[in-house]
Each structure stands twice: as structure tokens, then as C-alpha cells.
Amino acid sequence: MALLFIATYVVDAPIVAMAEYKTTFTPKVSITEEYTGNVFLTDEDEKSDFVTVISPGFDLEASGKSNGIILSYAPGSSFYASNSDNNTLRHDLSFTGWADISRTTRLQLHETFSRTEDPLPDNGDAGVFGQRI
């Protein structure tokens with residue numbers, strides 16, 4: 001009997017805890033068209049192209065009275081009209097979490113990750129940890 005009670009508590013505990021939170025799942029999709037006048041970023045013999053990007057994705061939010069999180073993800077397939085060897089998959093991911101510590105103080109964390117075929121500018125900026133990612 002005690003084992004059944006523990007198993008029931010473990011299974012039901014997360015459901016009860018989540019009852020205090022409002023959870024929202026929002027699917028999304030975008031289709032964009034881009035033009036680049038210099039696909040290969042060369043000083044001579046510049047080639048132009050149109051790039052179609054299809055990005056399905058979602059936003060997932062769970063929020064309570066004093067805290068919450070938002071997770072967004074959108075992979076994007078890029079299709080080059082004239083240079084199909086450059087077709088690639090992009091990723092955009094973001095996370096935001098917050099907690100109200102008091103009536104006038106909120107702690108918030110926000111982080112983003114993007115992976116794209118676009119090169120980093122060569123301006124000597126090595127980023128936060130001293131290396132280019």
C-alpha cells in the first residue's frame with residue numbers, strides 16, 4: 001500500500017505543481033525572400049542571388065504569479081535561387097526566464113543562439129570568452 005501511495009505521489013506531483021502555471025504553445029511559420037548583391041563576399045566578380053527562407057517554429061511559455069519561462073525555436077531552410085550549393089539550415093533559439101524576488105525586484109535571464117551561414121564581421125571582436133564561435 002505504501003509503495004502505491006509513493007508511486008501515485010511521484011506521478012501526480014508534477015501535474016499539481018504545473019496547475020499553478022499557465023502554459024501556452026504557439027506554433028509559427030515565416031517565409032522570407034532576401035536579396036544579396038555579393039553571395040561570396042568577394043571584392044571582385046561579385047555574384048548576386050535571391051534567398052528564400054522557410055522557418056517553422058514555436059514559442060512555449062509557462063508562467064505563474066511570480067515566475068516563468070519562454071522558449072522559442074525556429075529552424076530555417078534557406079534556398080538559393082542560382083547558387084543551390086549554398087542551401088543550408090539555420091537555427092534560432094532563445095530562452096527567457098524570470099522570477100519576481102519582491103514587489104519591486106525581478107531577476108531575469110535571457111539567452112539566444114543563432115546558427116547561420118552568414119560569416120562574422122572581421123572587426124577583431126572575439127566575443128565574451130575570447131574566441132569566435
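Biologist: Does D45 count as buried or exposed, and at what relative accessibility?

Modeller: This is a predicted model, and in it D45 counts as exposed, at 58% relative accessibility. The reasoning needs one cut-off: exposed means over 50% relative accessible area.

Biologist: With which residue does the side chain of D45 meet in a salt bridge?

Modeller: Side chains of opposite charge can pair when their charged atoms come close. Here the partner of D45 is K47, at 3.6 Å from N to O. K47 is partly exposed, with a relative accessible area of 39%.

Biologist: How many salt bridges does the count come to?

Modeller: The count comes to four. Among them is the pair R90 and E34, whose closest N and O atoms are 3.2 Å apart. Because R90 lies in strand β4 (residues 88-100) and E34 in strand β1, this pair ties together parts that are 56 residues apart in sequence. R90 is buried, with a relative accessible area of 12%, whereas E34 is partly exposed, at 32%. Another salt bridge joins the side chains of D100 and R106, at 2.7 Å from N to O.

Biologist: Which residues is T36 in contact with, leaving aside its neighbours within four places in sequence?

Modeller: T36 is in contact with K47, S48 and D49. T36 belongs to strand β1 (residues 22-36) and counts as partly exposed, at 24% relative accessibility. A polar atom of the T36 side chain also lies 3.4 Å from the backbone nitrogen of N38.

Biologist: Which residues form a nonpolar patch on the surface?

Modeller: The patch consists of V29, I31, I54 and F79, which together have about 400 Å² of accessible area. Of these, I54 is found in strand β2 (residues 49-63) and is partly exposed, at 36% relative accessibility.

Terms used. Residues are numbered from 1 along each chain as its sequence is written. This is a predicted model: local features need pLDDT of at least 70, side-chain atom pairs count only at pLDDT 80 or more; totals for chains, interfaces and linings use all residues. Side-chain values use heavy atoms; hydrogens and water are left out. Helices (H or I, at least four residues) and strands (E, at least two) are DSSP runs, numbered from the N terminus. Buried means under 20% relative accessible area, exposed over 50%, partly exposed in between (1.4 Å probe, protein chains only). Contact means heavy atoms within 4.5 Å. A polar contact is a pair of N or O atoms within 3.5 Å; within protein, one must be able to donate a hydrogen and the other to accept it, and residues adjacent in sequence count only if both atoms are side-chain atoms. Patches are made of residues with over 30% relative accessible area and no salt bridge: like charges are joined within 9 Å, nonpolar side chains (Val, Leu, Ile, Met, Phe, Trp, Tyr) within 5 Å. Accessible areas come from the Shrake-Rupley method with a 1.4 Å probe; for residues, only the protein chains shown count as cover.
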